[in-house]
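Me: I've got a protein model open and I'd like to work through it bit by bit. Can we do it as questions and answers?

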Amino acid sequence: MSRATVRILAAIVLGGLIAGTIDIYVAAAINHLRVGVILQAIASGLLGRASFSEGLRSMVIGLAAQELMSLAIAAVYVLASIRLPLLRRRPLALGALYGVGIFLVMNFVVLPLSAAWPKHRPIHLEAVLLNLAAMILFGVVVALSSVRVPAT
């Protein structure tokens, strides 16, 4: 495996896992919930309401789902940064913009298509803004992981 490939994979894995893990803890803080409940909430996207009665099993499923999604989100940015060097040169601004995109896709595509429970929650401006800020942080972490990725 070439050095360039190792750097690309490292950026995806480190950026994705760090951003995904931070996101779990930020979600717990924002929602005043334990991390285990957040993981069950993530698993509810696959399991529905039953996730909250499945205990450790659904927490593990939620953690796996969170980290796999985070790796995929990181891979998109890191791989795009190989062809678009501006993404590596301006990680704070473009990572923040990427975070806004993540927020929009998660809230208007992924969650509505999932089995997440509850389906209809009241919308509170403060919660929306805090979740948007969390996704901006997510995007910046991923973008910063791409800074040392070699161009092609």
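This is a predicted model: local features need pLDDT of at least 70, side-chain atom pairs count only at pLDDT 80 or more; totals for chains, interfaces and linings use all residues.

Me: Okay, let me try it out. In which helix is L56 found?
Reply: The run to look at is the one that spans residues 56-83. L56 is found in that helix, which is α3.

Me: Is L56 buried or exposed?
Reply: The cut-off for exposed is over 50% relative accessible area. L56 has 62% relative accessibility, so L56 counts as exposed.

Me: How far apart are the C-alpha atoms of L56 and Q40?
Reply: Along the chain, L56 and Q40 are 16 residues apart. Q40 is one of the buried residues of α2, while L56 sits in α3.

Me: Now α2 itself. What span is expected for α2?
Reply: α2 covers residues 35-47, which makes 13 residues. Its first and last C-alpha atoms are 18 Å apart, close to what 1.5 Å a residue would give. That expected span is 18 Å.

Me: Which residue follows α2, and what is its phi near?
Reply: The helix runs over residues 35-47, and the residue that follows is G48. Its phi is positive, near 70°.

Me: What sort of angle do α2 and α3 make: roughly parallel or roughly perpendicular?
Reply: Their axes are 7 Å apart and pack at an angle of about 80°. The contact is made by residues including L39, A43 and L46 of α2 and M59, G62 and Q66 of α3. Angles of 65 to 115 degrees count as roughly perpendicular. The two helices are therefore roughly perpendicular.

Me: Q66 turned up there. Is Q66 buried or exposed?
Reply: Q66 is found in α3. Leaving aside neighbours within four places in sequence, Q66 is in contact with G20, D23, I24 and I42. Buried means under 20%. At 6% relative accessibility, Q66 counts as buried.

Me: And H32: buried or exposed?
Reply: H32 is found in the loop between α1 and α2. Its phi is near 55°, a positive value in a residue other than glycine. With 72% relative accessibility, H32 counts as exposed.

Me: Last one: is α3 roughly parallel or oblique to α6?
Reply: The axes of α3 and α6 come within 9 Å and cross at roughly 55°. That makes α3 oblique to α6. The contact is made by residues including I73 and Y77 of α3 and F138 and V142 of α6. The crossing is right-handed, and the word you asked for is oblique.

Note on methods:
Residues are numbered from 1 along each chain as its sequence is written. Side-chain values use heavy atoms; hydrogens and water are left out. Helices (H or I, at least four residues) and strands (E, at least two) are DSSP runs, numbered from the N terminus. The expected span of a helix is 1.5 Å times one less than its number of residues. Buried means under 20% relative accessible area, exposed over 50%, partly exposed in between (1.4 Å probe, protein chains only). Contact means heavy atoms within 4.5 Å. Axes are lines fitted to C-alpha atoms, for helices over the stretch in contact, and angles run from 0 to 180 degrees between N-to-C directions. Angles under 35 degrees count as roughly parallel, over 145 as roughly antiparallel, 65 to 115 as roughly perpendicular and the rest as oblique. A crossing is left-handed if the near helix is turned anticlockwise from the far one by less than a right angle, and right-handed if clockwise.
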